[in-house]
Amino acid sequence: MLTTLLRDSRALGALAVPLILTQLAQVALTTTDAVMMGLLGTTELAAGGLAIVIFNQIRTMGVGLITSVGNQVAAAAARAEQAAGGTDGTDGTQEPAHDETRAIVRASLAIATLAGVTGALLMILIGQALTLLGQDAQVVHLTRSMLHALAPGLLPCLWFQAVRQFTVGMRRPQALLRITMASIAVNAGLNWILIHGAFGLPRLGLTGVGIATSTVHLLSFLALCLAAKKDTSLAPLLTFRITRTDPAALKRTLGLGAPIAATYGSEAGFFSVTTFMAGSFGPDALAAHTAVNQLVHIVFQVAVGLSHAASINVSRELALGNHDGARRIRNTALVCAAAVMTCVGILYLTVPRLVLAPFLDTGSGEALTIATHLLIVTAFLQFFDCAQNIGVGLLRGLDDTTSGFRITLIGYWVVGLPAAWLLAYALGLDTLGIWLGLLTGLAATATLLLRCYSAALTTTRPVAATVA
C-alpha cells in the first residue's frame with residue numbers, strides 16, 4: 001500500500017508541484033502588496049486589505065466561470081491520444097478532439113472578457129457602497145482609490161486564467177512558473193516606484209499598489225500567450241478568435257462554470273463578510289484580520305495546486321475508464337496536504353511573531369496581539385480549508401459542479417456564518433470569534449464535500465463509455 005501511495009504521489013506531484021509553485025508565486029504578488037501597505041501604516045493596510053478582498057471576491061468568481069476549461073481540455077486531450085493509439089503525433093484521427101479543444105479555448109476567452117468588464121464595473125460600485133457597511137470613513141476613502149486602480153487589471157487577469165487553464169489541461173504548466181516568478185520582481189519594483197514617486201513620477205501611496213498590480217496582470221497575460229505560441233503542442237490549439245465562439249461550447253462551459261463560480265463566490269463571500277465583520281471592531285482588528293488572512297491565502301495555494309492536479313487527473317482517469325485510479329487520487333491528495341499543513345501549523349504555534357513581522361512589525365501593538373491569537377486558530381483551520389478545496393476539485397473531475405455549490409451554501413452560510421456571528425458578537429469574542437466561526441464552517445464543508453465525492457464515484461459510469 002505504501003508503494004502504491006508513493007507511486008500515486010509521484011504521479012500527482014508531476015502536475016501538482018508546478019501548479020503549487022505557480023500558485024505560491026502568484027500569492028507572492030499579493031503578499032508583496034500587503035507588506036508594502038503595512039509599511040505605509042495600519043490604516044493603509046486595513047484599507048488595502050479591504051480593497052483586495054473585494055477584488056479577490058470578483059476575480060475568484062470570474063476564475064470559477066472558466067475553471068472547468070482545464071478538465072474539458074484534459075478529457076479532449078486523452079481522447080485525442082486514444083484516437084492516435086497513445087502517440088503524440090498529428091494523425092488525422094486526432095483532429096475532432098483538437099477542434100473540440102480550440103472551441104473550448106475560444107469559449108473560455110469570450111467568457112473571461114465578459115466577466116472582466118462586468119466585474120470591473122461592479123468593483124467600482126461596491127466601493128461607493130462601503131460607508132453603508134459600517135467601515136471607518138478614512139479606510140473607505142483609501143479603499144475606493146485602491147479599487148479604481150485595481151479594476152482595469154481584472155480583464156487581463158481573467159484572460160491569463162483562461163490561457164492558464166488551457167495549458168494545465170494539456171499538462172504543460174511549466175511556463176506558468178517562470179512567468180509568475182518574473183512578475184514578482186516586476187510587481188515589487190513597480191510598487192516601490194509608484195508608492196514613493198521614484199524617477200520623477202508622482203507619489204501615489206496606496207493607489208500605486210493598485211496600479212502596479214493591474215500592470216503586472218497585463219504583462220503576465222502577454223508573456224503566457226507568447227510562451228504558449230512558442231510551444232509546438234499548444235500553439236496549434238490556442239486561438240483568440242472569440243467572435244467565432246461555438247455556441248455549444250460556450251453553453252457547456254458556462255453550464256459547468258456557473259456552479260463553480262457560485263461555489264468559489266460562496267467561499268470568497270464567506271471570507272469577505274467576515275472581513276467586514278472584523279472591520280466593525282476597528283482598524284486594528286481589520287489590520288490583524290488582513291495579515292492573518294494573507295497568511296491563510298499563502299498556504300491555501302498548496303491546496304489549490306493539489307486540487308487542480310487532482311481534478312485534472314480524475315478527469316483523465318475517468319476518460320480512460322479507470323475508477324480505481326480516481327479513488328486513489330483523493331487519498332493521495334489529502335495525505336500530501338495534511339503533511340504540509342502540519343509543518344506550517346507547527347510554525348504558527350511556535351514562532352507567531354516572527355511569522356507576522358513582515359505585515360505588522362511597524363503597526364500597532366494591539367493589531368499584533370490580535371493577530372497572534374488568530375494564528376492559533378489558523379493552525380487548525382487550514383487543515384479543513386485545504387480539504388474542502390480538494391473536495392471541490394475532485395467533484396469537478398467528475399463533471400459535478402453543482403454539488404459543491406450546494407454544500408458550500410450549507411457549510412459556510414448555514415453553519416459557519418451564524419457561528420461566527422454568535423461567537424464574535426453574542427459571546428463577545430470579537431475577531432477571535434469570527435475566526436472560530438470560519439473554522440467551524442470550513443470543517444463542515446470539508447466533511448460534506450469528501451463524503452459526496454466518495455458517494456458519487458461509486459455511481460459514476462466511466463466517462464469514456466459515455467463519449468460518442
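**Surface patch and salt bridges in a predicted model**

In this predicted model, Trp421, Leu422, Tyr425, Leu427 and Leu429 make a nonpolar surface patch of about 490 Å².

User: Which helix holds the patch residue Leu422?
Analyst: Leu422 is one of the residues making the nonpolar patch. Its place is within residues 403-426. That run is helix α14.

User: Is Leu422 buried, partly exposed or exposed?
Analyst: Buried means under 20% relative accessible area, and exposed means over 50%. Leu422 has a relative accessible area of 42%. That value falls in between, so Leu422 is partly exposed.

User: What share of the chain's residues counts as buried?
Analyst: The cut-off for buried is under 20% relative accessible area. The chain has 468 residues. The buried share is 58%.

User: How much of the accessible surface belongs to carbon and sulfur atoms?
Analyst: The accessible surface of the chain comes to about 18400 Å². Carbon and sulfur atoms account for 67%.

User: Among contacts between residues at least 6 apart in sequence, what share joins residues at least 24 apart?
Analyst: A contact here means heavy atoms within 4.5 Å. Counting pairs at least 6 apart in sequence, the share that joins residues at least 24 apart is 83%.

User: How many salt bridges does a search of the whole structure find?
Analyst: Side chains of opposite charge can pair when their charged atoms come close. Arg102 and Asp99 meet in a salt bridge at 2.8 Å, N to O. Arg252 and Asp399 meet in a salt bridge at 3.2 Å, N to O. The search of the whole structure finds two.

User: Why are Arg102 and Asp99 separated by about one helical turn?
Analyst: Both residues lie in helix α4, residues 95-128. They are about one helical turn apart because their spacing in that helix is three residues.

User: Which residue counts as buried at 19% relative accessibility?
Analyst: Asp99 has a relative accessible area of 41%, so it is partly exposed. Buried means under 20%. The residue at 19% is Arg102.

User: How many residues apart in sequence are the parts that Arg252 and Asp399 tie together?
Analyst: Arg252 is partly exposed at 43% relative accessibility, and Asp399 is partly exposed at 38%. Their side chains meet in a salt bridge. Arg252 lies in helix α9 (residues 247-279), and Asp399 in the loop between α13 (365-397) and α14, so the pair ties together parts whose separation in sequence is 147 residues.

Technical notes. Residues are numbered from 1 along each chain as its sequence is written. This is a predicted model: local features need pLDDT of at least 70, side-chain atom pairs count only at pLDDT 80 or more; totals for chains, interfaces and linings use all residues. Side-chain values use heavy atoms; hydrogens and water are left out. Patches are made of residues with over 30% relative accessible area and no salt bridge: like charges are joined within 9 Å, nonpolar side chains (Val, Leu, Ile, Met, Phe, Trp, Tyr) within 5 Å. Accessible areas come from the Shrake-Rupley method with a 1.4 Å probe; for residues, only the protein chains shown count as cover. A salt bridge is a side-chain nitrogen of Lys or Arg within 4 Å of a carboxyl oxygen of Asp or Glu. Helices (H or I, at least four residues) and strands (E, at least two) are DSSP runs, numbered from the N terminus. Buried means under 20% relative accessible area, exposed over 50%, partly exposed in between (1.4 Å probe, protein chains only).
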